Amino acid sequence: MSNLHTLELTVNGQPRVAGNVRPHTTLLNWLRDQGLTGCKEGCAEGECGACAVLMARADEHGGTRLESVNACLVLMGSVAGQEVVTAEGLGHPGTLHPVQHELAVRGGSQCGYCTPGFVVSMAAEYYRPERSQTEQVTGDAHHGPNGFDLHALSGNLCRCTGYRPIQDAAYALGMPPESDSAGTDPLAQRRTQTPPMPRPTHLSTPDGDFYRPGTLAEALDLLAAHPDAKVLAGGTDWGVEVNLRHARAGVTIAVDGLPELRTLTATDRFIELGAGLNLSEIERRLGNQIPLLREWFPHFASRLIRNNATLGGNLGTASPIGDSPPVLLALDAGVVLVGPQGEREVPLADYFTGYRQTVRLPGELIRAVRIPLPLAPLTGFYKIAKRRFDDISSVAVGIALELEGDTVQRLRIGLGGVAATPIRGLKAEAALTGQVWNKENVRLAAKILGTEGTPLDDHRASSAYRAAMLEQTLLKFYFEQTTQRQEELA
Ligand SMILES: Cc1cc2nc3c(=O)[nH]c(=O)nc-3n(C[C@H](O)[C@H](O)[C@H](O)COP(=O)(O)OP(=O)(O)OC[C@H]3O[C@@H](n4cnc5c(N)ncnc54)[C@H](O)[C@@H]3O)c2cc1C
Ligand code: FES
Ligand code: FES
């Protein structure tokens, strides 16, 4: 690992050296200081997408994938050796990129503040290799006739144009050229080339140190030497703290690039998801192997956030309203912790010990999440929030059910937003286990579920509302499963 005050990266195809970088400088601020003012600061907390840029990253097939991220939440130390494309790198007046052209001719821009962000998110979807007119879509997906998934824009807000012309522009896009020997579209070509490799980094400045170690062993040594260091993965939580609450860490250790945290493996006993994989990667690589996760992903923030947010970060915050715990509790998941003494697996149900407290010891990292097999066949996820997408949950419920005939063999109910920690709905689970799965029994258990936890009154929801929502979700799950089984029998 070299000791640097500067770092190298590629911006719009050109190698750049960023000098005198401070550990808390965001990619957005650095790009704007370079005169690349297409990316804007709207909110500085990942909500508006005005700061969106493309990152070139490795895909599963040795090629390069262009993923959109919120530059306001990315710290510069995390982009050493990386490749960034801004709206300026896509096209210019006279030689507009297809997404810029379509937005312009279809009236998709008025004041223009949000437009470069939309251009970037749209370009990421334009180049998404799986996009096709015949792509299999599920659930709440909104795919246009050209296979364009409108949820690619879910993290971009526009306050003046209205979304219809933006949708028109998205649905009017063609496909990028497949083999482009004339080189008319360098980014289409870029997808088939070797991806950039994130580089180990050490930034040492009067404001603090930023380490991006190359191996888990190095990361654990650093953590042992700096027990108060801030562990950083995708930065979608920490970036908000840095920007809005001016949080600063003396030492930051970035772990999202560690190969040991980026594995996705399946044995006949479990599926293991690396804590440093971003949620979009897990979503893509798992496909439908874990239907409950597939159902959950679209309800987590936006595509821009999911392209950086990790499971390690979601469990690392230990937030009582984090969305992964209810799902992972329903799946009976375990958390794999690694420290100087080696690895240990803790059931997620025993992981949280109090408000934002866990059994993770100083010096330990979350390496992975393990989901035991076989999976319960009937599952559901319910997120009650003020908006359907891209919102923080008031209550979240994950349910996994196994029946033998009509009798409940195994039931797991994970709950978020109703106590100081995520919890299991143990009383409702016990009330139904061994009982017939019918309306009367489910009604009784739903009443019991409504009494679990100690829901609070706050600006998101009242405690009475939260309790009522718990009750309703179990009834809804019963109704959905019964309808589905009747349809299967018909
Ligand atoms: C606009 C917006 C929308 C959001 N929507 C949702 C949502 O719908 N649902 C939801 O649950 N959350 C949401 N979040 C919160 C956030 O995106 C998630 O908590 C995310 O999973 C954090 O992952 P990260 O990798 O970005 O974490 P980081 O910000 O990098 O880290 C978060 C915390 O976890 C610790 N940490 C990270 N990795 C590890 C590790 N491997 N071992 C030990 N500790 C670790 C860090 O020290 C830090 O304390 C949202 C955030 C934003 C900004
Ligand atoms: S500035 Fe709003 S998401 Fe980054
Ligand atoms: S065009 Fe003005 S905010 Fe979108």
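1. A quick word on terms before we start: a residue is called buried when its relative accessible area is under 20%, and exposed when that value is over 50%. Arg367 sits at 8% relative accessibility, so it counts as buried. Please keep in mind throughout that this is a predicted model.

2. Staying with Arg367 for a moment, you'll find this residue in strand S16, which covers residues 365-372. Who are its partners? Setting aside neighbours within four places in sequence, Arg367 touches Leu216, Glu260, Leu261, Thr263, Glu272, Gly274, Ala275, Val336, Val338 and Glu343.

3. Now the overall picture. The protein has 490 residues, and a compact globule of that length would have a radius of gyration near 23 Å; the value here is 23 Å, so the two agree. Along the principal axes, the C-alpha atoms fill a box of roughly 70 × 55 × 45 Å. The secondary structure comes to 16 helices and 20 strands.

4. On burial and surface: 54% of the 490 residues count as buried. The accessible surface is about 21100 Å², and carbon and sulfur atoms account for 51% of that. As for contacts between residues at least 6 apart in sequence, 64% of them join residues at least 24 apart.

5. Charges next. There are 45 positive and 54 negative side chains, and the centres of these two sets lie 3 Å apart.

6. Helix H8, residues 279-286, deserves a look. The helix is mostly covered, with six of its eight residues buried. Those are Leu279, Ser280, Glu281, Ile282, Glu283 and Leu286. What covers them? The cover includes strands S10 (264-266) and S11 (270-274), along with helices H9 (291-296), H10 (303-306) and H11 (311-317).

7. Check both ends of H8 while you're there. At its start, a side-chain oxygen of Asn278 comes to within 3.1 Å of the backbone nitrogen of Ser280. Just after the helix, Gly287 has a positive phi of about 55 degrees.

8. Asn20, in the loop between strand S2 (14-18) and helix H1 (27-33), has a phi of about 50 degrees. Ala44, in the loop between H1 and strand S3 (52-58), has a phi near 60 degrees. Are they buried or exposed? Asn20 is exposed because its relative accessibility is 68%, whereas Ala44 is buried because its relative accessible area is 7%.

9. Pro374 belongs to the loop between S16 and strand S17 (378-384).

10. Last stop, His246. This histidine lies in the loop between helix H7 (238-244) and strand S9 (251-254). With a relative accessible area of 56%, His246 is exposed. Where does another histidine, His24, come in? His24 is 222 residues away along the chain, yet the C-alpha atoms of His246 and His24 are separated by 9.5 Å.

Terms used
Residues numbered from 1 in each chain as written. Chains lettered and ligands numbered in written order. Predicted model: local features only at pLDDT ≥ 70, side-chain atom pairs only at ≥ 80, totals over all residues. Heavy atoms only, no water. Buried < 20%, exposed > 50% of the residue type's maximum accessible area, 1.4 Å probe, protein only. Helix = DSSP H or I, 4+ residues; strand = E, 2+ residues; numbered from the N terminus. Contact = heavy atoms within 4.5 Å. Polar contact = N/O pair within 3.5 Å; in protein donor to acceptor, adjacent residues only side chain to side chain. Rg over C-alpha atoms; globule rule 2.2 N^0.38 Å. Areas by Shrake-Rupley, 256 points an atom, 1.4 Å probe, with all protein chains shown as cover. Lys, Arg positive; Asp, Glu negative; His and termini not counted. Charge placed at Lys NZ, Arg CZ, Asp CG, Glu CD.
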